Amino acid sequence: MIGIMGAMQVEIDELLKYVDVIEEIENNGFSLVHGMLSGKEVMVGRSGVGGVYASMTMTQMLERYPIDAVINIGTAGGLKKEEQVLDVIISDQLVKHDMDTETVFGSPLGFHEKNHLVYQTDKNLQNKAKEIMTKMSDSRVIIGNIVSGDKFICKEEDICYITKYFPSAYCADMEAACIAQVCDFYHVPFVVVRSLSDIVLNEGNEMQFEEYVQKASARSALFVKELVKTL
């Protein structure tokens, strides 16, 4: 069974357009949908926005169901000047930008081997996603690092902080690194697919997000539909 997780209802609604629903499951506020997608059995979850909700929902899914692989879908804010809205980022490494454990645990900030809070995407899932999405998309498809934290990145001080300590990051969201951490704990392979809804370096990127979140969600859903066929 393949687990698919999204944070916002708009992200899940776009994906469910392609799912033959078998059962809708509500458990202590967590929403899961059991169904068939591209001929494969899937469990689709809406976590809610933020790392805590994402971690709780992902844990519920992995504890209760025989999940063989996880695909995390959704949107993110691009961190590079050359990026454009609706570019696709496929995860390589992931880390929380708002978790600074250097003083206590000796894990310096950044994407490097000394930081044990960096999580690695499954290479097989990563390569399949890249191959499929490159064929489907007229936008750029990039394998790159992702940072997550419980804030919408639009303030200059947040942008400067991330670009200083995580210069290789291509996008920022709120949930991906938390989902990666849970999957790593349960030894379940995962990949994160993010369609850029805004570029954080652009003035007024929060307005850009509102304009493009629907299109970005629709694009992510279509990509995942095709990716699931290969698993």
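A salt bridge is a side-chain nitrogen of Lys or Arg within 4 Å of a carboxyl oxygen of Asp or Glu. Side chains of opposite charge can pair when their charged atoms come close. The structure examined here is a predicted model, in which local features need pLDDT of at least 70 and side-chain atom pairs count only at pLDDT 80 or more, while totals for chains, interfaces and linings use all residues. Residues are numbered from 1 along each chain as its sequence is written, and side-chain values use heavy atoms, with hydrogens and water left out.

A search through the whole structure turns up seven salt bridges. One of them links K229 to E226, with the closest N and O atoms 3.2 Å apart. Both residues sit in helix α7 (residues 205–229), three residues apart, or about one turn of the helix. Helices here are DSSP runs (H or I, at least four residues), and strands are too (E, at least two), numbered from the N terminus. K229 is partly exposed, at a relative accessible area of 45%.

Helix α4 holds another pair. The side chains of E131 and K135 meet in a salt bridge at 3.6 Å, N to O, and both residues lie in α4 (residues 123–136), four residues apart, about one turn of the helix. E131 is partly exposed at 47% relative accessibility, whereas K135 is exposed at 67%.

What about the rest of α4? Its 14 residues, at 1.5 Å a residue, should span 20 Å, and the end C-alpha atoms are 20 Å apart, which agrees; the expected span is 1.5 Å times one less than the number of residues. L125, Q126, A129, I132 and M133 are the buried residues picked out in this helix. They cover an arc of only 145° around the axis, so they sit on the same side of α4. That arc is taken from the directions from the helix axis to the C-beta atoms. At the start of the helix, a side-chain oxygen of D122 comes to within 3.2 Å of the backbone nitrogen of N124.

Finally, K17 and E14 join their side chains in a salt bridge at 3.2 Å, N to O. Here K17 is exposed, with a relative accessible area of 60%, but E14 counts as buried at 8%.

Notes
Buried < 20%, exposed > 50% of the residue type's maximum accessible area, 1.4 Å probe, protein only. Polar contact = N/O pair within 3.5 Å; in protein donor to acceptor, adjacent residues only side chain to side chain.
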